[in-house]
Amino acid sequence: MIKYKVLLFILIPILGYSQKSPLELWYNKSASQWEETLPLGNGRLGIMPDGGVTTEKLVLNDITLWSGSPQDANNYKAFSFLPQIRELLLDNKNSDAEKLINENFVCTGPGSGSGDGANVQFGCYQVLGDMTLKFDYKTKSQPINYSRNLNIQTALASTQFTIDGVTYKREYFAGFGDDALFVKLTSSKKGKLNFTVQLDRPEYFKTENGKDNSLVMTGQLNNGIDGKGMKYKAKVKAKTTDGSVLYANNTIEIKNATEVILYISAGTDFKDKNFESSIDKILDVTMLKKYEDQKKIHIQNYQKLFNRVVLNFGKPVQKTLPTNERLDAFLKEPDSDTELPVLFYQYGRYLSISSTRVGLLPPNLQGLWAHQVQTPWNGDYHLDVNVQMNHWALETGNLSELNLPLKDLVKGMIPYGEKTAKAYYNADGWVAHVITNVWGFTEPGESASWGIAKAGSGWLCNNLWNHYLYTKDQNYLAEIYPIIKGAAKFYNSMLVKDPETGWLVTSPSVSPENSFLLPNGQDAHVCMGPTIDNQIVRELFNGVIVASQKLGIDSDLRNDFEKRLQLLPPSGVIGTDGRIQEWLKPYKEPDPQHRHISHLYGLYPASLITPESTPDLAEAAKKTLEVRGDDGPSWSIAYKMLFWSRLKDGNRAYKLLKAILRPTLATNINYGAGGGVYPNLLSAGPPFQIDGNFGATAAIGEMLIQSHAGFIELLPAMPDAWLKEGEVKGLKAEGNFTINMKWKNGKIIQYEILSPSPEKVKIKINGKVKNVYSKSIQ
Ligand code: FUC
């Protein structure tokens, strides 16, 4: 029998948690391609310096900078084809149904432009511009003692080298104080800085020198209709201690200076119609402050979020190899650098803090860093795993509030999603399919094969719901209730009965981006009731039931959903080969190692499948993963890491982490085996896609703590390599609990569970389940 006892461990205060190894990326040469440059961002503005000696290119970003415009690409006649499409699916004529969908049931117009949407209305997240610094050292001597680094504990980057006895330093940060970018250049001997500053971008730009001693770039992107799309402005001003500054010929020219600070701000008219004067004001205010004060505020504000979590595995390392060489060494001998996974984990948190902020946009496929006008897949928000994965590390990683921008994006999609629900299904509520943008796109994509996936809106609701589970914030619950209810109502009103099983399922749909073989050998995508849809609908109905109870509203709807739940397919159907079926029918797969593993959604991020509550399904999930293999783009490997963590196999999760940390420089689009990280530790599909970083970060969190199965488990999925000793401060568990713990030789030796007020908690620690009381944070 389990007894409640006061947690004895907590009587010993746990002191001295601090990050033991420096959390730093560093290099002894400048970046030779963008994927080697260092990402800085303040959730709105981004800057990536390449550390070049004679020419430095700094790629600038603004997370709101999108081409395209709001559109209505709903086919309002689509609904009239729905009965025929459904009939064809009931008759097992999936290919005919797919043909009909391609003709009448996808979005109107070019949709996402097949992923090249910069000049259509869907639009594309784009680079803001390049700031180029060209230096004249008045000598032919080569630099020595070159180094550049990014310190993720302070969110500062720097470059340093010496030429002819003069040491040149550059320091860069994206301000968490004033909303600007900062580059400070110094020379160790007086008056040695001679350089010019230029701004440009591949298209739609004009540069000029402002009357207020500035360099300004302005432009308007293509909206996909008449060219009059989003307006933007970027502005640079310089402050020097000595020497001269000339603002002329669309440049800033600095001569014989010893210290120069460049202040850059930018903005668009996306949310701020007065963005031009806002930028002017930001720079005016910023430049009045002392640089050192500004830097101090920057570090303080950044650390308010970053320092919430401390993680150490094993022995601290004081000096590391340059990060690119460290990756090579890790590939050969991973267990000897247990601090690289720590760096990678904390880097994921750094990237979240840097690429989104409350009140603005969630991180897109590249966070907020892009160096092209046509970003791969439009740098959009993919709803069939990618944008969700971008947020999975946030709750355990104690950055909960950074989930709110996604909630805002989803909220903004609803009026569009309601139209789509009506146009295609004559259904209640709202739906979103596979892709969205900042303009509220919810229509099916332009091809049936991937575009009519139904999972998008339901999967987004999982993220929204998860934030509630971790925070228990009742006001937030009231805010998201209409969103999740609307999504559930959509599914509820479009489910149809599968005559073979009697279950209620979605139709038509696809299992995200995957295909199957029909009995006649034909490749098809469109089906009824793919497993992911069944799991999503089950989870969503459950969520609405719980939420309506907590809020004390909608009892009729709750009763209805409770009844409907009985008619849904189970969380998984185990096929004759022991795997979880991806589709309702036991179709054969043309690509058994496909990158998407959507039918394990119930295992993660949902908690419908757990080793404790559904051991058979958990076993079947293992078999599913064995056949799927361990390769893929990084996001897929990260997802597998998460699955194996939930299946409590830490060594397998670690094997996958090692696969993600394989060094690469490849940038060609890959859908198969690939993955890896660039020298700057950004993850590769390839190309660069930030979901691999965030997914792996979430998975490391999941290896350390799990709390989805009705209890908190400490160290549920640790690899042998990390068991010797380690400590964690500040990770979060569902129910708004904060966890601190230390372990040695695989056993927890100290822990604390903190919450706003003491609460009864069920925990699993060193293999034993017990009930304890948490300690009040105050
Ligand atoms: C989905 C994935 C691809 C890529 C793209 C952005 O389509 O299947 O691998 O991640 O999103």
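Modeller: Contact means heavy atoms within 4.5 Å. This is a predicted model, in which local features need pLDDT of at least 70 and side-chain atom pairs pLDDT 80 or more, while totals for chains, interfaces and linings use all residues. Residues are numbered from 1 along each chain, and side-chain values use heavy atoms, without hydrogens and water.

Colleague: Which residues of α12 does α11 meet?

Modeller: α11 covers residues 474-494, and α12 covers 531-551; helices are DSSP runs of H or I, at least four residues. From α11, the contact takes in Q474, L477, A478, Y481, I484, K485, A487, A488, Y491 and N492. Their partners in α12 are I536, V537, L540, F541, G543, V544, A547, S548, K550 and L551.

Colleague: At what angle do α11 and α12 pack?

Modeller: The axes of α11 and α12 lie 9 Å apart. Between these axes (lines fitted to C-alpha atoms over the stretch in contact, with angles from 0 to 180 degrees between N-to-C directions), the angle is about 140°.

Colleague: Is the crossing of α11 and α12 left-handed or right-handed?

Modeller: A left-handed crossing has the near helix turned anticlockwise from the far one by less than a right angle, a right-handed one clockwise. α11 passes α12 in a crossing that is left-handed.

Colleague: Which helix gives the most to the lining of the largest pocket?

Modeller: Among the 34 residues lining the largest pocket, the closest to its centre are L469, S607, S707, H708 and E734. At least two lining residues come from each of α10 (455-471), α12 and β30 (760-765, a strand being a DSSP run of E, at least two residues). With five residues, the most is given by α10.

Methods: 1 Å grid on protein atoms, 1.4 Å probe; cavity = no way out; pocket = protein on both sides within 12 Å on 5 of 7 lines; lining within 4 Å.
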